[in-house]
Amino acid sequence: RPALTLEQLEGVTTASTFVLDQPRCTFKDYGNAVIWLVVALDKEISNFNNSAGPGTPETAFQSFPGSVSAYMTLNATLDSYPCPKPAGDITVLRVGSETSCAKDASRPTCNGPLPGPGPYRVKFLALEGSVPVAETVWSKSITLRTAKSPSSIPTAGSGHSAGMIAITAILSILLAILLAALVATLVFCGSDSCGSSTFSKPESVTVRRYNTHHVYDQPAARL
Amino acid sequence: MAKSDDCVHILQGLLVFGNVVIGMCGIALTAECIYVVSNPHGAYPLLKATENSDIHAAAWIGIFVGLALFALSILGIIGVIKASRTLLLVYIILMLITFAFEMASSITAATHQDSQTPNVLLKQMLERYQKSDPNNNSDNEVTKTWDELMRQNHCCGVNGPSDWQNYTSAFRDTHSDADYPWPRACCVLDAEGLPVNLDGCKLGVSGYYNSNGCYDAMSGPVNTHAWGVAWFGFAILCWTFCVLLGTMFYWSGIEY
């Protein structure tokens with residue numbers, strides 16, 4: 001059963017492409033057949049007829065999904081899908097990778113980018129000439145990614161962290177204390193009412209030395 | 001008298017020591033803020049574009065506050081040794097003004113950290129990266145900065161390459177999803193700047209594209225700077241608070 005690849009790829013589904021695992025070891029007995037991928041909208045798979053030929057207007061990619069219910073693309077012979085798959089190889093099919101022929105009506109089997117998010121279903125169909133000889137069942141529903149508009153990103157402030165609140169609060173308190181202390185000091189000490197006996201300035205030391213000079217003079221005068 | 005002389009000398013010594021520390025911290029703050037302002041990590045065009053240059057403003061204030069602290073600390077030392085009332089009063093008032101400015105710088109730097117969320121950068125990237133308006137210079141700056149960032153740090157988008165898939169963008173308007181699920185700068189590039197394996201990159205095979213987001217590489221250095229300016233400023237202010245209280249007490253005890 002065709003399925004989205006199980007490989008760990010970032011681009012398993014994008015907005016217009018998806019990645020399938022290659023159908024290895026699925027069509028073992030049909031060496032002459034050409035294997036096609038049929039892509040259809042989920043709700044239109046019942047409209048697809050296996051006898052529809054690839055490369056015809058009824059299966060042209062360019063008319064999908066308007067007038068065409070399913071398109072056929074990515075044709076390959078069984079040689080491209082050798083069985084068993086070598087270990088370690090990434091064997092995938094990227095549906096929607098050909099952008100050059102997306103609008104080119106002369107390339108109806110173009111593997112062009114898908115026109116919407118789907119959902120889509122796919123199956124592999126093996127044709128010998130124009131006769132269908134084998135097919136897989138339809139895959140499960142594949143939905144592609146939808147992109148939102150950037151204006152839906154919420155950019156409201158995440159609030160204030162604890163650190164910022166702590167800094168603001170503590171610094172405001174410190175500044176308030178300093179201003180209060182300054183006002184108190186100016187009011188209390190502005191009119192020379194403090195500092196008389198607490199400590200003295202360096203100049204008073206020289207005054208004391210001047211007094212000592214006088215004391216030494218006195219005994220000399222008495223004699 | 002001798003005892004209070006000792007007390008005086010001890011207080012003078014403490015105040016001189018306090019002012020020396022303030023002077024040195026002022027020089028350190030100036031140096032740190034000059035480093036922050038000189039934009040060593042190249043993510044500032046993105047910050048300017050988000051009109052969030054708080055960290056720049058905080059750092060510029062920090063430079064001048066640092067120089068002021070150094071000058072005032074010298075004034076303080078002279079004032080304490082000469083026990084001059086006028087000098088010390090001038091010192092206290094100017095220090096209070098500097099305190100207020102440094103407080104503003106510190107709070108601004110702390111606020112900056114809160115407002116830089118990944119979403120702000122994500123929105124800016126989606127709306128302006130590769131916006132094809134040749135007249136708008138700041139959009140080109142954003143594009144160039146992002147390309148440099150993604151190439152140098154081996155990262156893609158803000159949260160990862162899925163940013164380009166989950167949201168429409170200016171980039172998506174000009175580059176089809178099938179050819180460019182994410183910008184080429186998200187691919188692992190060779191020496192000439194071309195993707196090593198373009199299909200591998202478009203598929204998203206690990207090893208051929210950058211799977212990490214750039215938010216960590218971008219916000220890390222800037223947040224460290226903001227943290228440094230905010231908390232070093234806070235520490236200096238706490239020390240200055242103690243020195244100023246001591247100076248006021250000393251001033252009130254000086255003979256007129």
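Which residues does B:Phe99 touch, not counting residues up to four places away in sequence? With contact meaning heavy atoms within 4.5 Å, B:Phe99 touches A:Leu171, A:Leu174, A:Leu175, A:Leu178, B:Leu237, B:Thr240 and B:Phe241. The model is predicted, so local features need pLDDT of at least 70 and side-chain atom pairs count only at pLDDT 80 or more, while totals for chains, interfaces and linings use all residues. Residues are numbered from 1 along each chain as its sequence is written, chains are lettered from A and ligands numbered from 1 in the order in which they are written, and side-chain values use heavy atoms, with hydrogens and water left out.

B:Phe99 belongs to the largest nonpolar core, which has 48 residues. Such a core is a set of buried Ala, Val, Leu, Ile, Met, Phe, Trp, Tyr and Cys residues joined through side-chain atoms within 4.5 Å; buried means under 20% relative accessible area, exposed over 50%, and partly exposed in between (1.4 Å probe, protein chains only). B:Tyr91, B:Phe99 and B:Tyr250 touch the most other members of this core. At least two core residues come from each of helix H1 (162-189) of chain A and, in chain B, helices H1 (2-37), H3 (54-82), H4 (85-115) and H10 (215-252). Helices (H or I, at least four residues) and strands (E, at least two) are DSSP runs, numbered from the N terminus. H10(B) gives the largest share of the core, twelve residues. A second, separate core has 28 residues, including A:Phe27, A:Phe64, A:Tyr120 and A:Leu144.

The interface of the two chains comes next. Here 57 residues of chain B are in contact with 58 residues of chain A. The size of an interface is often given as the accessible area lost when the parts come together. Counted with a 1.4 Å probe and summed over both parts, the area buried between chain B and chain A is about 5000 Å², 69% of it on carbon and sulfur atoms. On the chain B side, B:Asp114, B:Leu203 and B:Glu255 lose the most area to chain A, together 13% of what that side buries. Which classes of residue make up this side? It has 35 nonpolar, 13 polar and nine charged residues, where Ala, Val, Leu, Ile, Met, Phe, Trp, Tyr, Cys and Pro count as nonpolar, Asp, Glu, Lys and Arg as charged, and the others, Gly among them, as polar.

Zero salt bridges are found across this interface, a salt bridge being a side-chain nitrogen of Lys or Arg within 4 Å of a carboxyl oxygen of Asp or Glu. Over all chains the structure holds six. One of them joins A:Glu98 and A:Arg107 (3.4 Å, N to O); A:Glu98 is partly exposed at 27% relative accessibility, and A:Arg107 is partly exposed at 32%. In another, the closest N and O atoms of A:Glu135 and A:Lys123 are 2.5 Å apart. A:Glu135 lies in strand E6 (residues 131-135) and A:Lys123 in strand E5 (residues 120-128) of chain A, so this pair ties together parts twelve residues apart in sequence. A:Glu135 is partly exposed at 41%, whereas A:Lys123 is buried at 6%.

Helix H5 (118-128) of chain B supplies at least two residues of the side that touches chain A. Eight of its eleven residues are buried, so H5(B) is largely enclosed by the rest of the structure. The buried residues include B:Leu122, B:Lys123 and B:Arg128. After H5(B) comes B:Gln130, with a positive phi near 60 degrees.

Conventions:
Buried area = accessible area lost by both parts, 1.4 Å probe.
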